[in-house]
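Me: Please go through the structure shown below with me, in questions and answers.

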Amino acid sequence: MARFIIRSILSTIITMLLVSFALFFLLEVGSGDVTVKILGIESTPEQRASYRAQLGLDAPPLQRYFDWLIGNDFRAEKLVGYPLVSIKNQQTKEEEWWANVDGQLTRWQMQKGQLLALRRQPDGSRTKHMVSGGWQTAKNGQEFFWGVDTDNRAVKWVRGAGETVWVRTKAGFRKEGDGPRQYIPLRKGLLRGDAGQSLQTGRPVAVTLIPRVRNTLVLAGVAFLFIMPLALFFGIMAGINEGKPLDRVISILGLGATATPEFVSGIFLILIFGIWLRVLPAVALFTSADAIFSNPKLLALPVMTLALVELGYVSRMTRASMVEVMSAPYIRTAIIKGMPYRRVVFKHALRNALMAPITVIMLHVNWLVGGVVVVEAIFGYPGLGKYIYDSAIFGDPNAVEAAAMLTVTIAISTRLVGDLAYTFLNPRIRYS
Amino acid sequence: MTVAQPALGASKRPSRLRKLWDTLSVVLNSRIGTVGLAIVVFWVVIALLSLFWTPYPPNSSLFVQNLPPNLTNVLGTDHLGRDLASRLMQGTQVILLKTRLPGDTHVAIPGGVALWGVFGSLFLGAILGLNAGYRGGWWDQVIMQVLDALIAFPVIVLYLVIIAALGQGDLVVIFAITITGAPGVARLVRSLALDIKTRDYIRAAETRGESLAYIMYREILPNARGPLLVDAMLRVGYAIFAIGTLGFLGLGLPPPDPDWGNMVNEARRNIFLNQWAVIFPSLAIASLVVGLNLFADGLREEITRYQK
């Protein structure tokens with residue numbers, strides 16, 4: 001048993017690595033020049049090249065893959081020469097990188113050819129100091145300095161040979177002299193919980209993603225609570241009445257519900273409840289971050305849409321499993337020996353019949369996530385699915401990668417749990 | 001597709017198509033299957049008809065906007081005053097009959113996006129599944145590991161990632177359907193190959209000294225035909241489902257050809273004014289998918305009954 005578990009977990013880890021590799025390079029190869037999307041098509045090639053360098057996109061792809069996966073602060077640490085720490089800025093709630101110079105948190109800034117050190121005071125403010133020492137000399141005689149700049153990057157300044165760079169500010173794009181020669185945008189890497197910055201918003205992906213994941217969990221959770229009892233009930237009813245009119249009706253309705261795309265059923269529900277009857281809100285308009293809790297009505301239509309598709313699938317599954325069990329010899333024996341029908345169904349058939357659907361449901365999370373993407377897009381529900389959709393349309397690699405990895409992780413881990421649960425429930429499969 | 005095929009190539013290879021038809025025609029014994037077949041045939045006929053005739057040009061705004069169904073426009077008009085019936089008819093073509101190649105030219109190859117996508121996943125999946133199932137050992141381990149990684153992606157997410165990476169277009173959608181479908185096909189083929197390779201005729205072929213490729217593609221694959229056919233029918237349904245969803249999300253097949261999903265998406269913005277433009281394309285997608293599902297169900301029922 002232990003060997004089986006270890007093997008499953010090992011294979012899961014390999015799968016995850018493969019997924020991350022495929023994801024990164026698919027977006028790498030395909031997404032083209034992201035700087036055009038950010039800066040607009042009017043930007044000049046110099047501006048784009050400068051901005052590419054600032055985003056660290058001029059590094060080789062394989063290195064960026066590892067930066068993305070496990071971070072690059074330890075790599076930058078060697079260059080800077082001081083330990084790098086990231087602390088949370090209390091105002092923006094974002095992580096900031098500082099170099100720890102002998103117990104003093106420091107960043108550097110270049111102004112008119114003069115290097116300034118910004119020292120962080122305990123209250124969060126910073127003081128400026130002139131820096132004269134600390135420059136290193138390269139083999140060709142050039143003097144250079146590696147430091148952490150104010151935009152969370154490890155940068156390399158070369159004395160007397162400042163690069164002309166284009167700096168993106170809130171007001172627009174500004175040309176500056178004295179720029180660094182090389183940039184390493186500092187990040188902790190996905191495995192350490194840092195998904196990097198969204199190119200679309202300029203904020204860390206995680207800051208946006210977390211509340212959205214919560215919204216999606218609420219949506220999927222509520223839908224799940226509705227689906228399970230109903231689907232099992234319908235499936236069992238159809239299963240024990242195999243071939244009778246009730247079974248036919250349930251099966252055909254179930255097939256119809258499964259075969260109707262989410263956006264079709266969603267739109268019909270909007271038509272019926274939102275437009276003709278006017279009893280439920282037709283869009284999930286969030287007026288505050290906690291709108292789903294203060295106004296649960298918002299959830300009604302998304303949950304119904306999601307439930308309709310899943311309901312059909314799970315009840316078909318349950319029916320098939322129930323039919324199979326009901327035709328098993330031991331059930332026939334129980335009926336023949338005169339046991340009450342109700343007792344046969346509840347005591348003998350049900351437990352065996354439910355095993356398949358319950359594990360299948362665990363494997364089915366993939367589908368649920370897919371449904372969530374569409375449902376959230378229909379209703380404008382701010383969740384994980386909408387996030388993937390929006391960032392895929394914009395072509396925001398960091399955001400797409402982080403969100404897709406999250407969905408894959410959810411899917412794989414539930415599948416692992418499903419596999420393990422199945423082997424516990426059904427010992428016969430264990431050694432096969 | 002199913003009816004068109006025997007008629008289409010009957011002159012070329014009657015014997016093999018005859019066999020295919022014999023496999024498919026058992027579906028007529030099942031009531032559900034016949035209903036499904038009728039729905040599918042209806043749409044195929046509509047698609048063929050739209051090649052030669054639509055009531056009005058599908059892309060020109062000839063009428064008042066957002067009309068309900070009336071005598072001139074049987075299904076009404078959309079938000080740009082285009083005839084909805086013509087657009088629906090034309091919309092079947094990209095799914096079932098033609099694939100437009102990238103570029104400005106109006107070059108199209110026969111066979112719709114859904115069909116090529118399913119063909120692609122069958123092709124890729126069969127190769128992977130046969131190698132994993134018949135060769136076993138490391139081949140099996142590596143192939144299944146890679147497939148596990150692909151299956152781990154929620155399908156829609158994989159579509160979104162592929163389209164985010166490669167852009168829009170008929171070929172990209174075909175590629176996306178191929179990639180998402182291949183793991184499922186490969187698993188099916190692998191399990192079938194594991195079963196079939198224990199049979200005597202495979203042992204005979206091995207003793208004769210046939211090559212690996214011969215055994216895999218000429219001995220095992222033809223004998224795995226039945227379940228694969230059912231799976232393919234279901235997959236065409238999924239593909240149409242997926243194309244509709246992508247179109248609805250605004251990421252599907254590009255204009256100028258109308259795309260059902262995109263028609264729903266555009267009409268949705270005027271849903272308060274005109275519900276018909278939403279209802280008809282939705283019904284079209286749902287009916288075609290349900291039809292293919294029923295057909296596949298009927299086929300499976302009959303094939304497994306025959307085996308029992």
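Reply: Two strands count as paired if DSSP finds at least two bridges between them. Helices (H or I, at least four residues) and strands (E, at least two) are DSSP runs, numbered from the N terminus. This is a predicted model, in which local features need pLDDT of at least 70 and side-chain atom pairs count only at pLDDT 80 or more, while totals for chains, interfaces and linings use all residues. Residues are numbered from 1 along each chain as its sequence is written, and chains are lettered from A and ligands numbered from 1 in the order in which they are written.

Me: In which sense do β6 and β7 of chain A pair?
Reply: Strand β6 (residues 136–137) and strand β7 (residues 143–148) of chain A are joined over two bridges. In one pairing, Q136(A) has F144(A) of β7(A) as its bridge partner. The sense of β6(A) and β7(A) is antiparallel.

Me: Which residue in the turn between β6(A) and β7(A) has a positive phi?
Reply: These two strands form a hairpin, with five residues between them. The phi in question is about 90°, and the residue is G141(A).

Me: What is the bridge partner of F144(A) in β8(A)?
Reply: β7(A) runs antiparallel to strand β8 (residues 153–158) of chain A, and five bridges join them. They too form a hairpin, here with four residues between the strands and a positive phi of about 60° at N152(A) in the turn. In β8(A), the partner of F144(A) is V158(A).

Me: How far apart are the C-alpha centres of the two domains of chain A?
Reply: Chain A is divided into domain 1 (72–193) and domain 2 (206–425), with bounds that come from an automatic or database domain assignment. The separation of their C-alpha centres is 49 Å.

Me: Which helix supplies the largest share of the side of chain A that touches chain B?
Reply: Residues are in contact if their C-beta atoms, placed from the backbone, lie within 7 Å. The contact takes 38 residues from chain A and 34 residues from chain B. On chain A, helices that each supply at least two residues include α7 (245–259), α15 (397–425) and α1 (2–30). The largest share, eleven residues, comes from α1(A).

Me: How many charged residues does the side of chain A that touches chain B have?
Reply: Ala, Val, Leu, Ile, Met, Phe, Trp, Tyr, Cys and Pro count as nonpolar, Asp, Glu, Lys and Arg as charged, and the others, Gly among them, as polar. This side has 28 nonpolar and ten polar residues. The number of charged residues is none.

Note on methods: Two residues are in contact if their C-beta atoms, placed from the backbone, lie within 7 Å.
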